[in-house]
Each structure stands twice: as C-alpha cells, then as structure tokens.
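Subject: Structure handover

Hi,

Here is the structure you asked about. Please open it next to this email; my notes follow below.

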Amino acid sequence: MPLQVLIAGAACGKTTEVLRSIRAELSTAELKKIWVLLPDSRQVTSLRTKLIGGGNLLGVSIGLFPDISKEILLKSDQHPILAPNMMLHRIVLEIVQVHSQQGTLGELEVIKDKPGFIQLLHQKFSELTQAGFTGEMPEITDPQLQVILGLFQTYQERLDQLQWMDPNQVVQLAATELAVNPRWVRDWDLVVVDGFERFTPPQLELICRLSESGVRVRVTLAGNDTHGRVIYRRAEESLEKLQSAIPSLEVIPLGDQPHLPTPILGIANNFLVDHPQKIEKQPDVRLLAAHSPLQEVREVLRSIKELVRIKHSFPGDCAILVPDEVQYPPLLQSVADEYGVPLHFPWGTPLQEVAQMRLIVDLLRLEVEDFPRRLFLDVLRSPYLNLSEIDFLPSDAARLERVSRYGPVVAGFENWKKVLRRLEEQVISPKQKRAGEEEDEDIYSLPTADTSRRLLDSMQKFASQLHPPLGQRNISFWVGWLWQLLREVGWLSGANTLQESLWFDRFSQVLREMCISDQALGQWTLDYAQFVSELEMVIQISTFHQKPDDKKVQVLRFLDARGSRFEHVAILGLAEGIFPKTQREDPFLPEDFRAAAGLELRLEQDQIGVFYQAITRANATLMLTRPYMSDKGEALEPSPYWMILAAAVEERDIEFVRSTTRRELNAAASLEELLFWSRLFNQPVQFDDLRLLEVSNTLKHQQEVLSARQAKMPSGEYEGGLAQLPTALEKYKRARTNWSASRLETYKSCPLRFWTQHALEVTEHRIPAVGTQSFQMGSILHQILEDVYRAAENPAEVSSVLNHLPEIAKRIFAAAPEIYQFEPTAYWQTQQQEWLLILEQTINGLASDEWVPVAFEQKFGLDDQPPLDIPLDFPGEYGRVVRLHGVIDRVDQNSQGEIRVIDYKTGMGHLDKKDLLEGTRLQLPLYALAARQALGFGEVTDGFYWSLNGKKESSLKLRNFQENDFKGPSGAIQIVIQHIEQILLGILAGDFRPQVPIGGCPSYCAARLWCWRFQPGRF
Ligand code: SF4
C-alpha cells in the first residue's frame, strides 16, 4: 500500500476526514492497530476527546513522533536509555570544561560560565538532534560554527560512550531500526499523520520507513489553493520531499471549499488575492484597532467573557492567538484575572518564575553572601517558611529591620550578632503595654533586652541550619542536605498542596535527576558555593507545563493553532514589528548550514502561511485586532496582513477604540472597569449594594486628590493649604515660641517639608549603607575641632592646636563606628588620613594674627544658657517673641574686643548671600545676634561659614554684607528678622503648600516618599 497524502486547503476537512477514516476502521469486527501522530500534546488531548465522543478507542494510539518511536524500539532488541535532562545538562557542562581546557572554545571562552551560554548550547544541541544531524558536513569555515559543532560532536561521543541517548534522537533511531527490521510494525493497520506542515529529516524518514514496511500511512497536508496564493509553501515543500523519497505516493485531493461561516470565508478568500472583493460586514467578523496592546487585550477578553457569560459558549471553544509567548501573555493573564476569565497557556514556565523556587535560591544565598540585610529580611518575611520551631515570630522581620537601621547592619552574621548583643546589654525598658498586648506587638521600637536575646538565639539556630558542611561533596549529598533544610525551615510542610503542584513535581524530578547523574556519570563533586550557583542555573533553565485543560480559553501562538478548530477565535498583535515578526539570522547556526543540515530556516518561516491558517481556525466568530500605539505611546503602523484584510471590508466597518471612546456601562467586564468608565464618562451608577457604594465614594475622594495633584500651582487642602493652624502646631499660636535656625530654614525652604517634619513628626529610618554618611562626617569633624582647640595650651597658635590633633583624632576615630553607628569599610583608614588633612587645613586656614578663638561649641538656649529672644513686629499684635536656641561652632575675638562667629559646614553649597536673601540659610546672622545679645560676647563685626570639604570661607561674610540699605552684620540680622516674620505668618495661616527648593528637593526630605511635587536635587 503506497503512502497516501490527503491534500486540502485550510479548514477544508482534513481532520474530519481523519476522524471519519479511523471510525470506519474501528467499525469492523477485527481488532485494529492504529496510530495517530499529531504535532503537540494539546492536539493529542483534543483529538482523543473527539474520538472518545464517537465510540471506543480500542487499538488506537494517539501521540507524538517520539511516542510511536519508543513503541517501535520497545519491540526491537534496542533498549535505548533516554538521558534525563539533568544528565544532559551535566554532560554539556563537562564538555564545555573539556573544550576550555583544550583551548578549543575560541571566542566563546569568555562566556563559557554564563548560564545563558549553557542554555544556548542546550537549544542548539536540541535543534541538531531533532534534525538528525550526524556531524557529517562538508568543510566548515565559520570558526564559531566549528566550535559549536565540535562541542556537539563531543556531546554525542560522550552519550555513546555512556550508552545513553538524547531523547530527541529517538525518532531517528526508530527510523534506522525499522529500515533493518520492518517486521516490528507488520501487524499495524494504519498510521495517520495530521496537523503538520513541515517534517524534520528523522520524521520524514520514519514516515517513509513505515510505508515501506507495509503499513498504510496517511499524511494530511494543507495545499491546493485555487487562487494560486503562496499560503501553503511549507506544506508543498514537505510534499515534494515525500514524493522524492516515495515517488509512488498517492495524492488524494480532498476539496478546496473551506467549511467556514460566510463572512470568515469571505475574509479567507480575499486574503492575498489580486482583486479583493468587499465582503458584507457581519457581527461574526470584527476588525478592531485599539490604542494600546493592553486595550486590545481588554477588548478581546471582554468579548470572550460576553460569549461565555451571556451567549453560554464553552470557554474551551474559544482561542486567543498571539504572535509569541512574550509580549501578550502577561497582559492577558492580568486582565483575565480582573475579568475572571480562565486561560490556559500551553508552553512551559521556567521554574524561576515560581516564588517558592526563588525563595530556595535566596535561602541558600544567605550563607554564601553572609546574611546581607535586605536578603535576610526578605527571607524572614516569606510566607513559604515556618521558622516557629526556632522561635522566630512572623513579626521578627520588622523588628530585625529596626535593629539593622539602629546597628547599622548592612551585611555579616557577626555584625547582626554584635548589634543584638549591644541591645541585649543596654537596658531598653519595654514600652508600657496596653491590656492584652503582647511583647510581640511593638515592632517599631528597638527590641528590649529579652527580645534581643531571643532574636540572637533564633538567628544562631537559623544560621546553624543554613550552615553547610565544608569542602567538596557529591551532588547526591547536597540534594539530601537541601531536602533536609527545606523540611527544617517548613518549606516542605508549609503547603500540603505543594505535593500536587506541577512545578513541585518538576523540581523534585530535577533533584532526582541530579542524583541519577551522580551515579551514572561518576561523582559530581562541588563545594557549597558551586552547588548553589549550579542549582540556580538549573532552576533558570528548567520549565514545567500546565496540564492541557480544554475547559479554559486556549491561548496559543499562531503556529500552535494549525490543525485545531475553535468556535471563536481572536487574533492579537497585527501591527508592524509585532506580526509578522522581524526575522533574524541565527548567529550560531547560520542559514546556509541550517539548509544543508535540514534544520528549520530562520529567515523563511512562512509567516504568511501561518497567518492564513490562523484566520481559518474559527467555526463561528473571528476577531482581529491591532494596536495603533505601543505601550510607550509610540505610533505603530498596521501589519501588512491587517492591510490585506482591511481591504476586504468597508472602512466604516473597522472599529477604533481610542482612550476617549465612550463606552456603554453595561458592557463593562469587571467592577473596576465599570467604576472607571463611570468616572471617565461622567455617567453615574446607581448602587444598591453598600459595599459598592463605599468603593464608589472612595474613588470619588481619590479623584479629588488626583485633580489636586495634577494642578500646576499647589493649592487647597490636599496640597498643604490648611487655612488654619492644625492642633499639632497649636504651640505656634503662643506669644513666645521656641525655635532653632534650621527649623526656620526648613519652613522657608519648603513648608510641606516643615509640616512633615514638625507636625507629623515623620522621621525616615535610614537604610544602612556601608561606610560613613556626610552627616556622620560633619559630627566627627566638629567633635575633633572642638576637642583640639580646647586641649591646646594656646588656641591662637596653630602649632599648639596641631600638636593635639593626631592623638585626639585617633581617639575619636576609634570610637566613631560605635558612637555614630556606621559600619567601617576597608576605606575607613584612608578616609581618616583624608579627614586629618581637612582638619589640618581648617586649623591653618582659620589661623589669624588678628583673631583669637575664645569659645567653641557655644550653646545658647540650651543647658541653662540664655536663649536668644527676638521680638516681632506683627500688625495689630504686641509682645510676640521668637525664642531661639543653637550651638555656635566657634567665636573669635580681636584685640579691639570685636567678635566674629564661625559655623563649620561639611559641604560647599548654599553658603552665599543669595541663600540668606531667599531665607534658606539664616544661621549666621542669628548666631551673630545670639553671640552679642544672648551670650554677651560684645559687638559682632564679622562672621562666615567655613566649608570643611571646600577648605575655605563662604562667600557670605557678615562684614561685607550689603543689600540695598541693609549693611554689615546688623543689615543681615534685619533681613533674617523679616524672614522670621513671614515664616510665622505663613505657619499661623496654616500654609504648608509644597515648594520645590531651588536646585531640587533634598534627599533627606522624608516627604519625598509620597510628595507628588518631588523633584530630585543635588544636595
Ligand atoms: S519632596 Fe520637595 S516639594 Fe515635596 S515636601 Fe519635600 S522638599 Fe517639599
């Protein structure tokens, strides 16, 4: 019996004929042996369901090419042992190592350890084995290709040596075996090959061998286009190959009239013809252009939800076809979750996309990276661990976060221990507990001694659980150790459902395969760090599949839709660059090599044929969509295929959905959408349901806030315009209020920052970073300067001051990490030398024949020192006084008894006259006034800021100050008093509107975390 090829156009009944012929075979009394070969598992499930629906399936096997091959090999004396994936992975690692040692990796040597390179080799080897490539090729000159093929050859030799087989080779082996022993299949009645367009060389050979063995083989192929279009090119090539292998094959044309509803037939018949006819628009065909890919997805899923909910269609009868598994599936999943539409994706998901899997890697990395703060806290917070056995409470992550900021702790188990011990020794009294409140409930304060002790104890237990054995061990040992660890930390027992999940099965299988490879390939010895990075790579490259589920809406790539039919089909992504896809040559296996070796070409993927097949998959309705803008708002041209289809309908029949298109509220597919449309189109919804009413009111409120945020000028209650002083700031109503210069400056710089800091009292907890921060530097240098001047026998004499510098600096530097709470880095020693230089230059720079230092760190309004009282001239008010406190870094005196004040600053910015005029730097004149008025030092004739990093005086000098009639220190003081009056008036009027400071917002403004006016600045 010759090979029969059934040729028919797309949707012309090939699969129906297959079903009919199988049923005809089964209708006889004899027991038959029939095989049906299909391209993928989803189609296997679908065909099996259809056949079962029509009666018994006895004697019928339905599967993929490897399935039939395994049956043939089982009958023969060949018993190939198929290598598990992990074994292949290990062989790939091994051969890369060998080639690297031999120096034959060429330019690939530099990327040999990258997980991406190993993954790439797996893909290339898989393509080569599927194509039955044996390594016999004419001379190859491309050096990179030579390296890849050299690696592939070693890979095959190693497999042969071990007597294992790459599962992709099984089809080739079965074909070879059948050529020698055709008797294995003599009792078979029929083999049907359906749904393919292209065959790999081993598949083609197996078809021919089956036919030559006397089995009736029927292959269905698409073709026979009466319009002479190039939509069946691939199938025609496959037919030519079959004909050249078996010239006697019988071609049976099945007809060319697609079984499609009239409008879809019209679309299909007009596709790619010279003179397309306009078709009459029917609701079963929709062409829709949306303003973004997300909107396309929403339109498609809304339409499917309507089919399912209102027209009672079965979800499994609906399919969404997408160009690939990258761009649209995440959007589809997210909108489907919102709409409540069940979706099924047939392709594999990498294990690393599962949160529980990523947690394992994080857990193991804790030891490798020595308990870095963020990673450790994230692991503790994970809901997939149960650490109650070692007394960790669920809230301990928050508590340890507080500890890490206090410490500070950036990383290092020893550092965690040190800080917890410090807290254990300090007696921090527990806060007053409310009735019924547990110690556990106060998670925002530093832990008490008892809690610190418990945390330390738990951390030590956790660290010993995570601590791996030292040295190199084989992989089976590490797998066992890991399993034990996962049990101890509650990962395994945490969820009983784990046992049923597909990813868990895959993970268990990966671990088993690792152990098998240990036995089969010899001990795979690794140290702990190697084991962790190996496991990480395996989790990256291993995937798991959802079980085929025909009760859900099927999401398929265009290519996967061949051979399947659905009632309702939606096709997404008909924009230039999305589909057809831009085809690129494979840089590792070039086109000419692919053609010669029988691999699929990259540049001629027949996308037009794939697309034609896609539009003929629907039995009832077809929806085609395109985005006219990308997610980033860039214009997208329509796909050429869209243009062809659009030519067949009137322009008015193409739907356009713009962001402003008015929608009917009853078309909303989710509550979120309903409320969104209601607000957007100003169409009120009447809610009887109290919960919905509450949601609606919340949204209304949020809309008001959003409008305030979007206004150009800040105003109103959502923008700090409170109209009256809130209770938290009542004290400013009093006639006498206590201030510091920096508080005044804060209001002047940004009233909302003042409100955040002094009314809300928000203090941002610092995220620990290694090394010192600029504010720590300022405090340390201030302290050293104060101490050396005080210690000097004659502070006016530079050498006398400098003599004390090394010793005092050494003492303060040594205690600094503990006192100022920072974690020294390797740079700390060098930094001390740099700071010593700064201090020397400061002492030298401030030395003067005229001025003698007379006071350091001089307080006013603090520690029983008199404050500075400034009476204000408020309209209609008498007796209002601003009381100020502060610390003057240094006071100098000259021989005439005149005074100058000096304020040290770490940075160099904002020390100019204009900062005084704008009111954002008020300190110096206030200190001058305090020195004279509060502390009685005498007449102040000068003053300046000293920049430690800049090693120079500020350009603002009180002696030279002049602005209009305001001159010298007294002129500067008068300007400051005017600013203070404005500040007080603003506060009393409840004006806390945000104001971005000139140069941007400071990084230390706590409000920047939520302030919508935030503009990052350079401070
Ligand atoms: S982020 Fe900027 S505008 Fe907002 S409060 Fe802070 S300083 Fe003001």
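Is A11 buried or exposed? A11 is buried, because its relative accessible area is 8% and the cut-off for buried is under 20%. Please keep in mind that this is a predicted model.

**Backbone: positive phi**

You will find A11 in the loop that links strand 1 (4–8) and helix 1 (14–26).

D864 also has a positive phi, of about 70 degrees, and is not a glycine. D864 sits in the loop between strand 21 (851–860) and strand 22 (868–871). D864 counts as exposed, because its relative accessibility is 80% and exposed means over 50%.

Why flag such residues? Because most residues other than glycine have a negative phi.

Most peptide bonds are trans. Two cis bonds are on my list.

- G407 to P408: this peptide bond is cis, with omega near -10 degrees. P408 lies in the loop between helix 15 (396–406) and helix 16 (413–425).
- F579 to P580: this peptide bond is cis too, with omega near 5 degrees. P580 belongs to the loop between strand 17 (566–571) and helix 21 (591–597).

**Helix packing**

Two packed helices are described by the angle between their axes and the distance between the axes. Take helix 4 (residues 85–102) and helix 5 (residues 115–130): their axes come within 10 Å and cross at roughly 110 degrees. Helix 4 is therefore roughly perpendicular to helix 5, as that label covers 65 to 115 degrees. The crossing of helix 4 and helix 5 is right-handed.

**A buried phenylalanine**

F65 is in helix 3 (residues 65–75). F65 has a relative accessible area of 2%, so F65 is buried. In sequence, F65 and A174 are 109 residues apart; in space, their C-alpha atoms are 9.9 Å apart.

**A nonpolar surface patch**

Which residues form a nonpolar patch on the surface? They are L760, L1009 and W1010, and together they have about 320 Å² of accessible area. L1009 is located in the segment after helix 33 (968–988). L1009 counts as exposed because its relative accessibility is 59%.

That is what I have for now.

Best wishes

Technical notes. Residues are numbered from 1 along each chain as its sequence is written. This is a predicted model: local features need pLDDT of at least 70, side-chain atom pairs count only at pLDDT 80 or more; totals for chains, interfaces and linings use all residues. Side-chain values use heavy atoms; hydrogens and water are left out. Patches are made of residues with over 30% relative accessible area and no salt bridge: like charges are joined within 9 Å, nonpolar side chains (Val, Leu, Ile, Met, Phe, Trp, Tyr) within 5 Å. Accessible areas come from the Shrake-Rupley method with a 1.4 Å probe; for residues, only the protein chains shown count as cover. A salt bridge is a side-chain nitrogen of Lys or Arg within 4 Å of a carboxyl oxygen of Asp or Glu. Helices (H or I, at least four residues) and strands (E, at least two) are DSSP runs, numbered from the N terminus. Buried means under 20% relative accessible area, exposed over 50%, partly exposed in between (1.4 Å probe, protein chains only). Axes are lines fitted to C-alpha atoms, for helices over the stretch in contact, and angles run from 0 to 180 degrees between N-to-C directions. Angles under 35 degrees count as roughly parallel, over 145 as roughly antiparallel, 65 to 115 as roughly perpendicular and the rest as oblique. A crossing is left-handed if the near helix is turned anticlockwise from the far one by less than a right angle, and right-handed if clockwise.
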